[in-house]
Amino acid sequence: MMGAGVLALPNAMVYLTWGPGILMLILSWIITLFTLWQMVEMHEAVPGRRFDRYHELGQEAFGPKLGLWIVVPMQLVVEVGVDIVYMVTAGKSLQHAYSITCGDHCQLQDSIVFWIFLFAIVQLVLAQLPNFNSIAAISLAAAIMSISYSTIAWAIPAHYGHTLPGNIELLQPVSYDFPPFKPVQLVQAGGSAVQKAPEDLSTADRWFGAFTALGTIAFAYAGHNVVLEIQSTLPSTPHEPSKIAMWRGVKFAYGVVAIGYFPVALIGYWAYGNQVTDDIITFVSRPTWLVVIANLMVVVHVIGSYQIYAMPVYDMLESTLVGHLRFNPSMLLRLVTRSLYVSFTMFVAMTFPFFAALLGFFGGFAFSPTTYFLPSIMWLMIYRPSPMSWSWITNWAVIVFGVVLMFVSTIGGFRSLMTEAANFHFYT
């Protein structure tokens, strides 16, 4: 349930500030827990039948054809978007771990493209594993790593307070006002505390930064796309349906999410105010040994998580090629199809290696529909509560919130992508 998006939550607070930031964190936690409960309940909404895939539930709600057209494209964008973000996340973490340990003569210190390529090679190998069961050990390691690096992400600022480790000075005293300039990395590649001039922010920059921050938070609260697949593995009887055990698991997972997300967001923002960048782990940079470990934990996490989101895409591609285009199922087909997918996500990540902007864009464009409001729409279509009943009012309130979030965060994330790309030297 915990993802690499947690590392950007302090930076989201920079643009939202204390009041709106805390409110959005709490609202998102409550709303996504509510919609996740709806998914768990709807898994067996029809007696004697289990909806094991998100699109199957969509077909029950919207009809066989329309349900596919509504749900499948959204799921595909989510899965591909997460894999692109994880490519960038791994590249950034590998680059930072290398740069703060190799000294001032790092030949690869400015080349995130190389590190994304290195991560892609690992994924090309893992992509040939046949199914979810074959990556179970990697998935377990990924889950442990996510909890570990999230703890490090708030423990360092909690320990050092308003100063960066290593006697590195902030650009100005800690402030929680709207940021006057774009947060910059204070420890540069090679490990030296060389400060580059910050870029002043206009009023429009701050507003669009806030919109992007909303998408960043939406991206962090994302687990709905696989919840039905997980629930399908649980036994279910008339006396003890699967939703009972599943809901216990969901409550535990969301407790872990709260323990992980809130301290990272609030302590990171408290310690560094409006100067913290889009990745709290790379911002602190000291103690070197601990930050290197944390960055490698991030890499291990996204190695496993990449394949979790990629497996449904592999299945979709191979099913289409075999079922509709009459390709013969073979090792060669798997090798070519999966390698092309990994290469595609690698190419997009190399083209747009902008962590915060990607989180904001995909958080709004992809995760807001599938996580915030699509479950409530399906609930209304399947159960049809009476107009103006509490269920009807609650679901419509959630839908309106999710739709607004989708539009504003997508706009903010897209603008951030274009702004970052304007001054970026591609593929260097």
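These legends describe close-up views of a predicted model.

**View 1. Helices H4 and H13 pack against each other.**
H4 covers residues 64–99, and H13 covers residues 355–383. Their axes lie 10 Å apart and meet at an angle of about 150 degrees. That angle makes H4 roughly antiparallel to H13. The crossing of H4 and H13 is left-handed.

**View 2. A salt bridge links lysine 243 and glutamate 41.**
The structure holds five salt bridges, and this pair is one of them. The closest N and O atoms are 3.2 Å apart. Lysine 243 sits in helix H9 (residues 242–272) and glutamate 41 in helix H2, so the pair ties together parts that are 202 residues apart in sequence. Lysine 243 is partly exposed, at 29% relative accessible area.

**View 3. Aspartate 205 and arginine 415 meet in a salt bridge.**
The N to O distance is 3.0 Å. Aspartate 205 belongs to helix H7 (residues 203–220) and arginine 415 to helix H14, so this bridge ties together parts that are 210 residues apart in sequence. Aspartate 205 is buried, because its relative accessible area of 17% falls under 20%. Arginine 415 is partly exposed, at 27%.

**View 4. Glutamate 60 pairs with arginine 49 in a salt bridge.**
Here the closest N and O atoms are 3.4 Å apart. Glutamate 60 is in helix H3 (residues 54–62), while arginine 49 is in the loop between H2 and H3, so the pair ties together parts that are eleven residues apart in sequence. Glutamate 60 is partly exposed, with 34% relative accessibility. Arginine 49 is also partly exposed, with 41%.

**View 5. Threonine 17 has a positive phi in a loop.**
Its phi is about 65 degrees, although threonine 17 is not a glycine. The loop runs between helix H1 (9–16) and helix H2 (18–42). Threonine 17 counts as buried, at 12% relative accessibility.

**View 6. Methionine 388 has a positive phi in the loop between H13 and H14.**
Phi is about 70 degrees at methionine 388, which is not a glycine. H14 spans 390–422. Methionine 388 counts as exposed, with 59% relative accessibility.

**View 7. Four residues form a nonpolar patch on the surface.**
The members are Phe114, Phe117, Leu118 and Ile121. Together they have about 320 Å² of accessible area. Leucine 118 lies in helix H5, which covers residues 112–126. Leucine 118 is partly exposed, at 34% relative accessible area.

Conventions: Residues numbered from 1 in each chain as written. Predicted model: local features only at pLDDT ≥ 70, side-chain atom pairs only at ≥ 80, totals over all residues. Heavy atoms only, no water. Patch = residues over 30% accessible without salt bridge, like charges linked within 9 Å, V, L, I, M, F, W, Y side chains within 5 Å. Areas by Shrake-Rupley, 256 points an atom, 1.4 Å probe, with all protein chains shown as cover. Salt bridge = Lys/Arg side-chain N within 4 Å of Asp/Glu carboxyl O. Helix = DSSP H or I, 4+ residues; strand = E, 2+ residues; numbered from the N terminus. Buried < 20%, exposed > 50% of the residue type's maximum accessible area, 1.4 Å probe, protein only. Axes fitted to C-alpha atoms, helices over the stretch in contact; angles between N-to-C directions. Parallel < 35°, antiparallel > 145°, perpendicular 65-115°, else oblique. Left-handed = near helix turned anticlockwise from the far one by under 90°.
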